[in-house]
Amino acid sequence: HLRWLRVNHASPQVKLYAAGFELLCVASLRMRDAQRAVLEFVEDVRHTGGGKDLCGFLKGVCYSSKHPKRRSPKKKLFFAPLRAGCGGDGPDGYVEHLLEVRKLLGGASWDYIFPRISAPREGDIASVGAAFLSGPASSTDAIRHMRTLLRLPPLSLTGEQAASLSGHSGRHFLVTLAKSIAHAR
C-alpha cells in the first residue's frame, strides 16, 4: 500500500510520507527514532552471481532515548537493505524518493524523516492545498498523517482500524509479518 501511494498518488506530501513509512517498516524504527534521525545512503555494491545480485544499504543514526527524561540521548545506528538497481518504482525506490525530495526541499542534512505539513482547514495530508513547512513534524502529527495514508485507497482502512497503528508499529512490522507468515504455514 505504501509503495503504491509513493508511486501513484498525486500529492508530493503523500509520496514523501509513504516513502518515510516504508523506511520505518524496513528499518524497524519507532516514530520517535525517525524524528531524530540522520540518513546516509551507502552504496556497498557487491556482485554475487553473474552480475545480477547487487546490494547496497541505507545507514542512519538515531539520537534518541526511550526515556528522555531519565537518560541522555544515545547514538543508535540503523540500516535498511537495498537491492541496487531496484530503485525508481521498484521495491527500494523509497530511499531514492526520500533522498531526492529532501534535496529538493533543501533538507539533504535534515536530522528527521518527516517534515511539517500544512493542510487546509478540514483537510489532511492528501488535500490539494497541503504543503511542506520547514522543520520536523511532531511525532503526533506524523502518526496522524500515517493513519490518514492507511485510510486512502487502495488499502482504505476505516478510521478505527487505522487508529490501531501507533508510533511503535514500524518497529514491530517485520516481526509481526514474520509471525503471520509462519502462522499461515
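Read along the sequence, the chain runs α-α-α-β-β-β-α-β-β-α-α-α. That pattern holds seven helices and five strands. Helices (H or I, at least four residues) and strands (E, at least two) are DSSP runs, numbered from the N terminus.

This is a predicted model: local features need pLDDT of at least 70, side-chain atom pairs count only at pLDDT 80 or more, and totals for chains, interfaces and linings use all residues. Residues are numbered from 1 along each chain as its sequence is written, and side-chain values use heavy atoms, leaving out hydrogens and water.

**Stop 1: the whole chain**

Select everything. Of the 185 residues, 38% are buried. Buried means under 20% relative accessible area, exposed over 50%, and partly exposed in between (1.4 Å probe, protein chains only). The accessible surface comes to about 10,700 Å², with 54% of it belonging to carbon and sulfur atoms. Such areas come from the Shrake-Rupley method with a 1.4 Å probe; for residues, only the protein chains shown count as cover.

**Stop 2: helix α2**

Select residues 12–27, which form helix α2. How many of the 16 residues of α2 are buried? The count is 13, so α2 is mostly covered. Now check the helix length. The expected span is 1.5 Å times one less than the number of residues. For α2 that gives 22 Å, and the end C-alpha atoms are 22 Å apart, which agrees. Step on to S28, which follows α2 and has a positive phi, near 55 degrees.

**Stop 3: the core**

Select Y17, F21, L23, I113, F114 and L149. Within the largest nonpolar core, of 38 residues, these touch the most other members. The elements giving two or more residues to this core include α1, α2, β2 (56–64) and α5. α2 gives the most, with nine residues. A nonpolar core is a set of buried Ala, Val, Leu, Ile, Met, Phe, Trp, Tyr and Cys residues joined through side-chain atoms within 4.5 Å. In soluble globular proteins, nonpolar side chains tend to be buried together.

Zoom in on F114. Its contacts (heavy atoms within 4.5 Å) include Y17, F21, L24, M31 and A142, not counting residues up to four places away in sequence.

**Stop 4: helix α5**

Select residues 139–151, helix α5. Its 13 residues should span 18 Å; the end C-alpha atoms are 19 Å apart, which agrees. Among its buried residues are A142, H145, M146 and L149. The cover over the buried residues of α5 includes α1 (2–8), α2 and β4 (115–118).

Click T148. Is T148 buried or exposed? T148 is buried, with a relative accessible area of 13%. T148 touches D124 and I125, not counting residues up to four places away in sequence. A162 is 14 residues from T148 in sequence, and their C-alpha atoms are 7.7 Å apart.

**Stop 5: salt bridges**

The whole structure has five salt bridges. Each is a side-chain nitrogen of Lys or Arg within 4 Å of a carboxyl oxygen of Asp or Glu.

Stay in α5 and show D141 and R144. Their closest N and O atoms are 2.9 Å apart. D141 and R144 are separated by about one helical turn, because they are three residues apart in α5. D141 is partly exposed at 31%, and R144 is partly exposed at 44%.

Next, show R30 and D33. Their salt bridge brings N and O atoms to 2.8 Å. R30 counts as buried at 9% relative accessibility, and D33 counts as buried at 0%.

Finish with E22 and R3, whose closest N and O atoms are 4.0 Å apart. This pair links E22 in α2 with R3 in α1, 19 residues apart. E22 is buried at 8%, whereas R3 is partly exposed at 40%.
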